[in-house]
Amino acid sequence: MSFMSSLRTKKNYALITITALFLLITVASAQQDVSCYHCHTNVVEEFRNNIHYTMGFTCANCHGGSEESNTSVVSSNVMSGDFIGKPTRDKITNICSKCHAQETNDYKQSIHWDAITKGHPEAATCTDCHGIHEIRAISDNKSSSNHQNSPATCAKCHANSEIMSAWYYGIKADRMDTYKESFHWKALKNGYKVVATCADCHENHITKSHTDPASTTYPDNLPRTCGKEGCHPGVKFDAAIAAGLVHDKESLHTGDLVFNKSGLTPQMKAYYFGPFDLAYWIATFFKILTAGVIGAFTGMVILDCLSRFKLQKRW
Amino acid sequence: MKKALAVELSDSTKFSGDRNMGEVFFKRFTFNQLVQHWVMIGSFMALVVTGMPVKFPDTWWSPVIIGLVGGFEMRTQIHHAAGITMVVLGVYHIVYHLFVDKEPLSERKVWPTIKDAKDFWQTIFFYLGKAEHPKFGRYSWKEKFDYWGAFWGMVMLCVTGLIMLFPFVAMNFIPYAYVHLATIIHTDEALLATLFIFIVHWWNVHYSPEVFPMSKAWITGNLSEEQMKHEHPLEYEEIMRQMAEKNEVANS
C-alpha cells in the first residue's frame, strides 16, 4: 500500500483535519493579543497601527468595559461595567481628554468645538483629523494629521461643498483649490516640507474663524502668523498682508467692472484699480501680448521658411 | 597666410588696416558685449529650466525636471542664484551703456526708426515674393525688436522677481495683492520670453539656413565680409566709404 492511498483512508483523513485545525488555532491565537479580534477583526487590524497599541493600550482604555473575557463567552464580560461602546461625536473629547488634557483644552476653544456645542455634531473632532482606530504618531509619515498630510485631511471636509454648505455659516469650499495655487503647495507636492500647510496658519487645535480677533488668521494677526519662527521672521507688524487674498485663484478674478466697491471685502478691494480687477486684466494683457507677439513672429518664421522654396536668390 | 583683422564699428574713426592682408572680419560685438550675452544665456537657461516646473506644476514633466535638478529646494536655490545674476547683469548693462560708453545716446544705432517700420513691411512683402529683401544697417528691425523685447522683459522679470524673493520686505511698501500681481506678471512674461527666444531668436541665429547650425558671432564677436554684405549691407557700404575716404586722406 502506497503512502498516497493510505492518506485516503477515513482514519487518516480525520487525523490530518485535526492537525490542520490545531495549526489554524495556533496561528489565530497569535493574533489574539487583542481579545476583540474575533468579532471586530477589521477594527483591531487598524488598531495594530495605532501608536496607542504599540504603547500597550487596549480597546478598554477608550471603550471602557473589561477585556478579561474568556474565549467561550466573548462579549458578556466586555460589555459589562463602564463599557461605552461607540461614543457619540460630542463625547469623543471626553475619552481623549483623559490623557490629552492640554490638547483638548485647546481644541475646546476652536470653531469646530463651537459648532458641535451649537448642535452640529458633524464638525471636526479629535478622530476626524487623527483617525479613529488607526491613530498614528504625528511624526509618522502616514499620519493623517502630520504636517504634510494635513491639507488632504482638512480637505476631506473643507473641499466638500455639500458638507460646507450644509451649515448655516456658509464656509467656502475652495480652500484646497486656492491653497493649490500657492507656492507653499507647489513646494510641498514636490517633497519640500519646510512650507506652511493648513495648521501652520490656522492652528491645529485652536482653529478659529478669521473673523475672530483671537484667531491667528484675523487680519491684524497675520503679520505675526506669517512671521513665525522658522517661517518668515522679521515681518513688520504693520505689513499689508491682509490687503490681498492669501487663498487666491484665477477664477476669483473676473473682468466685471466694479464701480461700487462697498460690497467687496478689503482683501478683494486691494486688487482693484478703479473699476478694474488688476489680477484679471494683467493676466488678460499678457494673454493678448503673448498670443500677438508669438503668433506674429511664428507666422514670420513660417513665411521665411516657405519663401526659401520659392526664392533661390535672396540678395 | 590669413590674418584676421577686426574693424571697430561703433567707432569707425579708429579703423586702420589694409584689406590686402587677408580676410577681413567685421567687429560685431565687443568682448564686453559677448560676456554680457554669455552670462545672459547661462542665467536665462537656468531660470527657464527651474522656473517652468512651477509655472506648470500639474504637468508630467514638472516633477521630472525638479528631480533632475536635485529636488525642489535645489530648484529654488538655482532659480534665486540665476535670478540675482540676471539682475546684476541688467544693472551692469544699463550703468555701462549710460555712463561708461561715451557714444552720445542720440547717435546709438539701437533706437527704432521709421526705416525699421518700412523694413518690417518690406520683409513681409519679401516673404510673399512681392518685394526685394530690405537692406539693413547696423541693426535690423528684428535685432532691435529682440533687444528691446529682452530689455522690457528684464525690467519686468527682475522687478517682479525681487518682489517675490523678498515678499515681506515688499509688503512694507505695497499691499499683499500686488505680490500676487507680481507672480502673474513674472510667470506670464517669462513664458513670453521663453517662447520668443526658443522660436524666434533661435530661428534667426540657429535654425535659419544662412547660419545653421549657428551664427558664430556670439562666440567670436565677428562677422565675415560675406555675412556683412548680406545681413548689414548699408553698414558695410558705410564702412567701405569711410575706409576709402581715410585712404584718400592718408595718400594725399
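This is a short walk through some helices of chain B and how they pack. The model is predicted.

Start with helix α7(B), which covers residues 176-207. How far apart should its ends lie? At 1.5 Å a residue, its 32 residues should span 46 Å. The end C-alpha atoms are 44 Å apart, which agrees.

Now turn to packing. Two packed helices are described by the angle between their axes and the distance between the axes.

Take α1(B), residues 31-55, against α3(B). Their axes are 8 Å apart, and the angle is about 150°. Angles over 145 degrees count as roughly antiparallel, so α1(B) is roughly antiparallel to α3(B). The crossing is left-handed. The residues of this contact divide into 13 nonpolar, 11 polar and 1 charged.

Helix α3(B), residues 71-100, also packs with α5(B), residues 141-165. Here the angle is about 130° and the axes lie 10 Å apart. The two helices are therefore oblique to each other. α3(B) passes α5(B) in a left-handed crossing.

Which residues make the contact of α3(B) with α5(B)? From α3(B) come His80(B), Ile84(B), Met86(B), Val87(B), Gly90(B), His93(B) and Ile94(B). From α5(B) come Tyr147(B), Phe151(B), Met154(B), Cys158(B), Leu162(B) and Leu165(B). An α-helix has 3.6 residues a turn, so residues three or four places apart point the same way. By type, the residues of this contact are 10 nonpolar and 3 polar, with no charged.

Notes
Residues are numbered from 1 along each chain as its sequence is written. Chains are lettered from A and ligands numbered from 1 in the order in which they are written. This is a predicted model: local features need pLDDT of at least 70, side-chain atom pairs count only at pLDDT 80 or more; totals for chains, interfaces and linings use all residues. Side-chain values use heavy atoms; hydrogens and water are left out. Helices (H or I, at least four residues) and strands (E, at least two) are DSSP runs, numbered from the N terminus. The expected span of a helix is 1.5 Å times one less than its number of residues. Axes are lines fitted to C-alpha atoms, for helices over the stretch in contact, and angles run from 0 to 180 degrees between N-to-C directions. Angles under 35 degrees count as roughly parallel, over 145 as roughly antiparallel, 65 to 115 as roughly perpendicular and the rest as oblique. A crossing is left-handed if the near helix is turned anticlockwise from the far one by less than a right angle, and right-handed if clockwise. Contact means heavy atoms within 4.5 Å. Ala, Val, Leu, Ile, Met, Phe, Trp, Tyr, Cys and Pro count as nonpolar, Asp, Glu, Lys and Arg as charged, and the others, Gly among them, as polar.
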